[in-house]
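Please look over this model before reading on. The notes below are meant for someone new to it.

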Amino acid sequence: MKLPIYLDYSATTPVDPRVAEKMIPYLCEHFGNPASRSHSFGWVADAAVEEAREQVAALVGADPKEIVWTSGATESNNLAIKGAANFYAGTKGKHIITVKTEHKAVLDTVREMERQGFEATYLDVKEDGLLDLEVFKAAIRPDTVLASVMYVNNEVGVIQPIAELGEICREKGVIFHVDAAQATGKVDIDLNKLKVDLMSFSAHKTYGPKGIGALYVRRKPRVRLEAQMHGGGHERGFRSGTLATHQIVGMGEAFRIAKEEMAEENVRVGKLRDKLLKGLQDIEETFVNGDLTQRVAHNLNISFAYVEGESMIMAIKDLAVSSGSACTSASLEPSYVLRALGRDDELAHSSIRFSIGRFTTEEEIDYAINLLHTKVGKLRELSPLWEMFKDGVDLTTVQWAAH
Amino acid sequence: MPQPVYLDHNATTPLAPAVLAGMLPWLESRFGNASSRHEYGRAARQAIDEARQRVAAAVNAHPTEVVFTSGGSETNNLFLKGAAATMKPGLLAVSAIEHPCVLKPAAQLARQGWAVRQIGVNGSGAVDLSDYAEVLADKPKLISIMTVNNETGVIQEIAALADAAKKTGAWFHSDAAQALGKLTIDFRVLNAAGVHALTLSAHKANGPKGAAALVLDKRVELQPLIAGGGHEGGLRSGTENVPAIVGFGIAAELAAQRVAELPVRMKMMQAKMETGLRALGAQIFAADARRLPNTSYFAFPDIDGETLVGKLDRAGFAVASGAACSSANPEPSHVLRAMGVAPEIARGAVRVSLGPENTEVDIDHFINALQVTVGRLQGLTALAV
């Protein structure tokens, strides 16, 4: 067993060996620029790009013509939100709805739109991390142009009610964007049925390479966008720039594999997650963050009360896990997602996200459970708060003296 | 059938073997997200830092001046729109022969209240200095002039042009995507002369597609094009494409090494190529200009460029009839138009761009194939008349 054990599949996944194998020829002999129309190097690359477009579309029930390549989900989110809000601001209005637990790629983009004169509503979620449909409905105004809600939360793994939200948006004439970076290969996505106008995808969360993503742009009814990158007019003008063929081929193959294997894989991963959950729930004073049913099989986010977060990370170095999302873990701020779920700062700080994936083994889960039992016990032995708790002191009533 | 001979290196280049070898571990076993704090993440972060040092060293910049992006087009968009967003609209000056990924963002800024002036070029494809002086007199706030043109290979006197613009206080940017590996790029020297930003692209210099950089004087304030997470010092958010960035680092290092000796060999090949072209009756564009040693841009009277490259492809030679990005576009090249080339000649334009793996034998074979093809096409033209 290789240490540290990788349990951070929501941050990024390894490229599946089958994906790497398909990519390599497009780094070597098939290196042409897909925009080159005058020779076979270009045609071969272009054909590979179009095959991948079909593979990505097939996983999510889209038409290949609705798939626009980008450099990743962050760019897709920027293109969707800025592109649609700016295009429709004149006709629909300048109000945007999103949720407090969205990824930074959405939140920062909406903040920027606010600086440019848009108004934004950041919705609260319930304690289980899910959005209340009535709260969402009530937030829609006559001038609401766009709503952006993520499919699966990156920290707690809860699945938002996208189908229902889509119905509401369509009825009210609001453009609906969904960040599905964490959803592909984990949730069945059928854009034939979902009333979603724009959807962001990432390859590297689904065993594809980094540096490639896509934006779904609905054709019926047609959704229009203002491009954010201008140039040679690639991707029918939605996104200019030389296409990175090998990365696109990798995303296509990764999504093809996901379509074929996700049903089976989710069962296997779910069993491992449930085993981990059961093993960790044996530890006293642990709290699962986020709803356990409306949740992807891959995610477990647990708070260990009376354990200081940083000491915990140091103590479980054999596990590659995340405290808070990867993108914000350089800061010592407690996770804004967990705070939005109503967790206090102490519990948010002592939370760990375990994300399980294709290459996780039962042996690794057993190791993780044992390690956590030992380390949490040791850290609590050193904790005066734990001692007070065990003595029956209600810590919320303690008056702390300042030094 | 043998692999055709690739003579289209200004469109994209094959990966150097050392670049591929350097990238593969980062696709497979060392796959961490560079923002993660665990071992997988820290290894990825370190790899990015090393690549940043390599890219910086290749162009004599400081690593903190290198901002990684997904490609040259994004980089040019980032500089132009990013700088414009921090200012009140004013005058933006770009050369008339820029790549569409400079011209189109400029057109976009024009819709947002900026005045855009295109700086003309002379018949040799070099910036027209009197036109440039007139533009400077109108005090532009932003200037973008490419280091090397992708179609003609003409090299602009960037340091002198930037120096002349100093008195305007404008930020001066240069798209150097076609220069890496073909010319020595020294950002310290250029920066002292008044160049504030350069665009570099990996895939034009035997690196991977999907990685590029903006080399940026830190006095220039930019608004990011892509928000969310604050990667690259807040200038470019999004999970870093570690394998491509690592590959870019290696490619940049190799590029800097090879500019020392490659141009000499390349120049000999170019002379051979162009002697052959002239003997067949081709007109070579910007023939007397200071040009890259790898690029020859030419036309035969009364032969359509699209038709010629199609025939050459079937004969086993990959060349271009214009810039790859606009190859689907039947309009004659905007670069040749700006140089004052008549549209009927411009429609015949064919670009050959050599790379380090090409040999003199490739050129002999190419000229032979061209002779046969041109002979046949001229025969057809004669019959049609």
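This is a predicted model: local features need pLDDT of at least 70, side-chain atom pairs count only at pLDDT 80 or more; totals for chains, interfaces and linings use all residues.

The numbered points below take up each chain, its sheets and helices, and the contact between the chains.

1. **Chain A overall.** Chain A contains 12 helices and 12 strands. Its radius of gyration is 22 Å, close to the 22 Å that the globule rule gives for 403 residues, so chain A is as compact as a globular protein of that length. Along the principal axes, the C-alpha atoms of chain A fill a box of roughly 75 × 55 × 40 Å. Of the 403 residues in chain A, 58% are buried. Take the contacts in chain A between residues at least 6 apart in sequence: 75% of them join residues at least 24 apart.

2. **Chain B overall.** Chain B has 13 helices and 12 strands. A compact globule of 385 residues would have a radius of gyration near 21 Å, and the 21 Å of chain B agrees with that. The box filled by the C-alpha atoms of chain B, taken along the principal axes, is roughly 70 × 55 × 35 Å. Buried residues make up 59% of the 385 residues in chain B. Among contacts in chain B between residues at least 6 apart in sequence, 75% join residues at least 24 apart.

3. **The seven-stranded sheet of chain B.** In what order do the 7 strands of the open sheet in chain B run? The order is β2-β8-β7-β6-β5-β3-β4, with mixed pairing. The edges are β2 and β4 (115-119) of chain B. Each has a single partner strand, so one side of each is left without a neighbour in the sheet. On average, neighbouring strands of this sheet are turned by 20 degrees against each other, direction ignored.

4. **Pairings within that sheet.** Strands of a sheet pair through backbone hydrogen bonds, either parallel or antiparallel. The sheet in chain B is mixed. Strand β2 (residues 66-69) of chain B runs antiparallel to strand β8 (residues 212-216) of chain B, and 4 bridges join the two. T69(B) has A212(B) in β8(B) as its bridge partner. Strand β5 (residues 142-144) of chain B runs parallel to strand β6 (residues 171-175) of chain B, with 3 bridges between them. Here S144(B) stands opposite H173(B) in β6(B).

5. Are the residues on the two faces of β2(B) buried or exposed? V66(B) and F68(B) on one side are buried, and so are V67(B) and T69(B) on the other. Both faces of β2(B) are therefore covered, although β2(B) stands at an edge of its sheet.7. **Helices on the chain B sheet.** Helix α4 (residues 100-111) of chain B lies across β3 (91-95), β4, β5 and β6 of chain B. The angle between α4(B) and β3(B) is about 160 degrees. Helix α3 (residues 72-84) of chain B and α4(B) have axes that come within 9 Å and cross at roughly 30 degrees. That makes α3(B) roughly parallel to α4(B). The crossing is right-handed. On the α3(B) side, the contact includes G72(B), N76(B), L80(B) and A84(B). On the α4(B) side, it includes C101(B), P105(B) and L109(B).

6. **The three-stranded sheet of chain A.** In chain A, 3 strands form an open sheet in the order β9-β10-β12, with antiparallel pairing. β9 (286-288) and β12 (351-355) of chain A are at the edges, each with a single partner strand, so one side of each is left without a neighbour in the sheet. Neighbouring strands of this sheet are turned by 25 degrees against each other on average, direction ignored. Strand β10 (residues 299-304) of chain A is joined to β12(A) by 5 bridges. Within that pairing, L300(A) has F354(A) as its bridge partner. Helix α7(A) lies across β9, β10 and β12 of chain A, running at about 10 degrees to β10(A).

7. **Where the chains meet.** How many residues of chain A are in contact with chain B? The count is 56, and they touch 59 residues of chain B. The elements of chain A giving two or more residues to this side are α1 (17-27), α2 (40-60), α3 (73-92), α4 (104-115) and α7 (245-281). The largest share, 5 residues, comes from α4(A).

8. **One residue to check.** E167(A) is in helix α6 (residues 162-172) of chain A. It counts as partly exposed because it has 15 C-beta neighbours inside 10 Å. V196(A) is 29 residues apart from E167(A) along the chain, and their C-alpha atoms are separated by 8.7 Å.

Terms used: Residues are numbered from 1 along each chain as its sequence is written. Chains are lettered from A and ligands numbered from 1 in the order in which they are written. A residue is buried if 20 or more other C-beta atoms lie within 10 Å of its own, exposed if 12 or fewer, and partly exposed in between; C-beta atoms are placed from the backbone. The radius of gyration is taken over C-alpha atoms; the globule rule is 2.2 Å times the number of residues to the power 0.38. Two residues are in contact if their C-beta atoms, placed from the backbone, lie within 7 Å. Two strands pair if DSSP finds at least two bridges between them. Axes are lines fitted to C-alpha atoms, for helices over the stretch in contact, and angles run from 0 to 180 degrees between N-to-C directions. Angles under 35 degrees count as roughly parallel, over 145 as roughly antiparallel, 65 to 115 as roughly perpendicular and the rest as oblique. A crossing is left-handed if the near helix is turned anticlockwise from the far one by less than a right angle, and right-handed if clockwise.
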